[in-house]
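Subject: Structure for you to look through

Dear colleague,

I am passing on the structure we spoke about, and my notes on it follow below. Please read them with the model open beside you.

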Amino acid sequence: MNFIEGQWQIQGQVLTDLAAQYGTPLYVYDADKIVSQYQALYNAFAPLKVKLKYATKALNNLAIIKLLHAQGAGLDAVSIQEAELGLLAGVPAGQILFTPNCVAFAEIEQAVSMGLVVNIDSIAFLEQFGQRYGSSVPCCIRLNPHIVAGGNAKIQTGHIDSKFGISILQMRHILKVVQNYDLQITGLHVHTGSDFLNSDVFLQGAELIFEAASNFRNLQFLDFGSGFKVAYKEGDIVTDTEELGQKMVQVFQAFCQEYGRELEIWFEPGKFLVSESGVLLAKTNVVKTTPSTVFVGIDTGLNHLIRPMMYDAYHTIVNLSNPEAVQRIYSIVGYICETDTFGSDRKLNEVREGDIIGILNAGAYGFSMSSNYNSRLKPAEILIYNGRPHLIRRREVLADLLATQLDFEPTNQLKNEVAEA
Ligand SMILES: *Cc1c(COP(=O)(O)O)cnc(C)c1O
């Protein structure tokens, strides 16, 4: 998103014009930003055999999956449905890693029959997998190295009482199961959460995985998950992918030498690839002055972007319609009947009713976590690609809310009783 000649634009498309043309609320994604993020991450590890498995849950529109697959990305899918979206987008099953958590074993069986690469998350399922498939179907093991990535506690998955992965402290048990069933373990996986503060934490985790990997002879890849940080506001720590890449390439190559084979290195970025590409556009319904605050009430809410309320996430907010006006302090709130705050006490260029507000960094976990709460309809999505807007999801209509509801006609009991008497 650039500010050029008094207007906020993406690839020359003026955002307020898009809001006028497609209506609000509206998710707009910049394809160039997604591609450049992909390339930055890929290039950081390029001396290695690197595979990026896009974490589908961040933003699951088929157009986004296709765009990333065209750059060479595979997928990380956490449900059968995400894997099915991937297949529909043209991603081959063998390039989709299935990393579910606490699902029924039947879902694992379905993943095997679809040809996905299955990532096993508990010793119980490792045993079941062994009983069912033995050495005939290779799999990956998700380990929990108990490295705490730092940052926001609500998005950490590596701590000791986390439900994710098999504890690295249970390695002897894992090896016993693997040996019992002659399991073919082709990959080891760690994903310590969605925020790590520096590359040293990452490398610390890597050392533990290398140690674990020496127990398995048929590995083809090591998957280091994600946790790459992007800036949500000025001054935020971001992952220095170049620095991390340099350090990681060195230790990974040294490990491969020791291991005796060149392994692939996998990552599963979600947020890093799509967060900054996205902006949520909304219209100002009301500017409401109370004794303590000036509220800007906009035509969206936590039903469309839940991160501020769910994770206390900070999203930069700008007034796209009046960008050169004097700045004032506002609280930007949604139209849902809940406390529904996007940002408190923010400096925005003076806001008038009808102004288009942009909530930045809305590409990841925005639309994909949206709901129909308050019976509100979900927004449309636009992808700006090669300088042109592409409508990649139409706005919902009431019929979408009704599509899964079935007829039911109750009788009025009281009225019947009166009639009978
Ligand atoms: C959510 C998730 C990711 C992506 O995390 P980001 O912070 O969006 O990059 C990667 N791997 C797994 C297993 C996940 O659950």
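A word on terms before anything else: a helix here is a DSSP run of H or I of at least four residues, and helices are numbered from the N terminus. Please also keep in mind throughout that this is a predicted model.

With that definition in hand, consider helix α9, residues 241–259, in which K247 and E243 are 4 residues apart and therefore separated by about one helical turn. These two residues form a salt bridge, with 3.0 Å between the closest N and O atoms. K247 is partly exposed at 29% relative accessibility, and E243 is likewise partly exposed, with a relative accessible area of 32%. In general, side chains of opposite charge can pair when their charged atoms come close. The structure as a whole holds 9 salt bridges.

Another of these salt bridges joins R393 and E381, whose closest N and O atoms are 2.6 Å apart. This pair links distant parts of the chain, with R393 in strand β21 and E381 in strand β20, 12 residues apart. R393 is partly exposed, with a relative accessible area of 29%, whereas E381 is buried, at 0%. A further salt bridge is made by the side chains of D400 and R394, at 2.7 Å from N to O; D400 is partly exposed at 28%, and R394 is partly exposed at 48% relative accessibility.

Although N61 and R393 are 332 residues apart in sequence, their C-alpha atoms are 7.8 Å apart in space.

Turning to the overall arrangement, the protein chain is divided into domain 1 (2–28 + 275–398) and domain 2 (31–271). The C-alpha centres of the two domains lie 32 Å apart, and the contact between them takes 23 residues from domain 1 and 21 residues from domain 2. Together the domains bury about 2100 Å² between them, 53% of it on carbon and sulfur atoms. How many salt bridges does the rule find across the interface of domain 1 and domain 2? It finds 0, whereas 12 residue pairs are in polar contact between the two domains. On the side of domain 1 that touches domain 2, the elements giving two or more residues are α11 (307–311), β20 and β21 (388–393), and the largest share, 4 residues, comes from β20. The residues of that side divide into 9 nonpolar, 9 polar and 5 charged.

V274 also deserves a look: it sits in helix α10 (residues 271–274) and counts as buried, at 0% relative accessibility. Apart from its neighbours within four places in sequence, V274 is in contact with I34, Y54, A58, L59, I64, L68, G363 and A364. One of these, A58, is 216 residues away from V274 in sequence, yet the two are 7.5 Å apart in space, C-alpha to C-alpha.

Finally, some backbone details may be worth checking by eye. Most residues other than glycine have a negative phi, and most peptide bonds are trans. Against that background, a cis peptide bond joins T24 and P25, with omega at about -5°, and P25 lies in the loop between α1 (15–22) and β4 (26–30). D182, which is not a glycine, has a positive phi of about 55°; it lies in the loop between α7 (171–181) and β11 (185–189) and is partly exposed at 46% relative accessibility. Y365 also has a positive phi, near 60°, and is placed in the loop between β19 (356–360) and β20 (380–385), but Y365 is buried, with a relative accessible area of 12%.

With best wishes

Key
Residues are numbered from 1 along each chain as its sequence is written. This is a predicted model: local features need pLDDT of at least 70, side-chain atom pairs count only at pLDDT 80 or more; totals for chains, interfaces and linings use all residues. Side-chain values use heavy atoms; hydrogens and water are left out. Buried means under 20% relative accessible area, exposed over 50%, partly exposed in between (1.4 Å probe, protein chains only). Domain bounds come from an automatic or database domain assignment. Contact means heavy atoms within 4.5 Å. Buried area is the accessible area (1.4 Å probe) that two parts lose on being put together, summed over both. A salt bridge is a side-chain nitrogen of Lys or Arg within 4 Å of a carboxyl oxygen of Asp or Glu. A polar contact is a pair of N or O atoms within 3.5 Å; within protein, one must be able to donate a hydrogen and the other to accept it, and residues adjacent in sequence count only if both atoms are side-chain atoms. Ala, Val, Leu, Ile, Met, Phe, Trp, Tyr, Cys and Pro count as nonpolar, Asp, Glu, Lys and Arg as charged, and the others, Gly among them, as polar.
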